[in-house]
Amino acid sequence: MLTHFIGGGPLAAGKSFPVHDPVTGAVVRHVHEADPEVADRAVRAAREAARDWAALPVGERAGWMRRLAEGIERRFDDLVAAEIADTGKPLEQTRTLDIPRGIANFRAFAEIAAQRPDDAFHLAGVLSYTVHRPLGVVAVIVPWNLPFLLMTWKLAPALVSGNTVVVKPSEHTPGSAAVFAEICAETGLPPGVVNIIFGYGSAGRLLVEHPGVDAVTFTGSTATGTAIMRTVAERVKPISFELGGKNAGLVFEDCDLDRAVEGTARSVFTNGGQVCLCTERLYVQRSIFEEFCGRLAQSAREVEPQPMISAEHRDKVLSFYALARSEGAKVLTGGGVPVFNDHRDSGYFVEPTVVAGLSEWSRFNREEIFGPVCHVAPFDSEAEAIDLANGSDYGLAATLWTTNLDRAHRVAQRLEAGLVWVNTWYLRDLRTPFGGVKLSGIGREGGARSLDFYSEPTTITIKL
Ligand SMILES: O=C(O)C(=O)/C=C/C=C/O
């Protein structure tokens, strides 16, 4: 039974709930569910630790980040096993992306914080400079798609900036966070700096509402994001949101077709399409449309199947497959549930799917599906491609496939998105601004911008 982690130690309190293995649908573990008393104890533990943690020199906190990275390396296999047990992710992806990014996140922000210059301005007889103070106690609400990657992406800058945290992982994916709690204890991290409580969205709401929480950072659905905004509004708490996407890919006839097929397939089907950066709308120049679609459909049939995180989410994805058929889509491949004739048949799998022929105004092309699926449509001109890509309520990421350098820069600069990848996808320099526009979120994290969110500058001006 997984327990909460508060004040540096386990806390077995609250009702328990089951976690299912998405591969088989079987119960893989039970977890304690935080109630208001547990949430209050976690916030108070974070509050009690906040003063001493904030008083440490940033270089010492950077040292703690490096020790946590070493702890993750030490427990690497346990983290991989826990993440796969909760999500059914492929072993290769978990070992090369999900857990290694936890190490990279802590190491990157240790360096970014340690080397961060402070502003100073000097006028005749007047000196102004800034100091950065932490926000205090930060609630970190983490989604189920990249649980460890995203928890550490938020924790590293929050902690190195001098905040203490209360983390609420998704109810679907508590395992890797529970191992991380052990790593915090093994590393000797001061008690109360990191606190982890488990539960459903209601447990997250307890944190967001808590008067002892000074800021909220959240990655997840736009719907949950707007609910959090309403809750924090009257307290005007700082919020950093990385929400949904309906990301477009533009494939021009002058692309390297092999790279474009490989890259777009990866951008559609990685993690079962359960990444906010995945492509769900592909626009392909008409002269190569048929060939590209045939090759993409073939790639979809070769993808290692990954289950959806839950039966509920599987049903949501399948409802969009049914919607596409009901609206007369041409299903190039997939569109249903794979039959394995083994234990996976009781899991939450859907077929990797490619459809075409739907209107830009179909719900299929307007709403985030968050599964291994995309719609493909042809375009003729560059201007038309840009308008199609920008014709969305979301604006998180986009991909662009062309070997024409002028076109790459020209088109990328006109896309209404926070992130544009050219001839690649999900290649990450952790120092760059990361986040989206429109319904995809508020603010940017990444590099110094993460430190800007997790700290408040004070400008001090002295008459010399
Ligand atoms: O790669 C990252 O730093 C990141 O934040 C990924 C977010 C993916 C969300 O689904």
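A contact here means heavy atoms within 4.5 Å. In the protein chain, 75% of the contacts with a separation of 6 or more join residues 24 or more positions apart.

This is a predicted model, in which local features need pLDDT of at least 70 and side-chain atom pairs count only at pLDDT 80 or more, while totals for chains, interfaces and linings use all residues. Residues are numbered from 1 along each chain as its sequence is written, and side-chain values use heavy atoms, with hydrogens and water left out.

Of the 464 residues in the protein chain, 59% are buried, meaning under 20% relative accessible area with a 1.4 Å probe, protein chains only.

The structure holds 13 aromatic pairs. Rings of Phe, Tyr and Trp (its six-membered ring) pair if their centres lie within 6.5 Å; planes under 30 degrees apart count as stacked, over 60 as edge-to-face and the rest as tilted. Two of the pairs are set out below.

| Pair | Centre to centre | Angle between planes | Class |
|---|---|---|---|
| Phe106 and Phe180 | 5.8 Å | 15° | stacked |
| Trp144 and Phe370 | 5.5 Å | 80° | edge-to-face |

Phe106 lies in helix H5 (residues 100-114) and Phe180 in helix H7 (residues 175-187), so this pair ties together parts 74 residues apart in sequence. Helices are DSSP runs (H or I, at least four residues), and strands are E runs of at least two, numbered from the N terminus. Phe106 is buried at 0% relative accessibility, and Phe180 is buried with a relative accessible area of 0%. Phe106, Phe148 and Phe180 form one aromatic cluster.

Trp144 is buried at 18%, and Phe370 is buried at 11%.

Definitions and conventions. Buried < 20%, exposed > 50% of the residue type's maximum accessible area, 1.4 Å probe, protein only.
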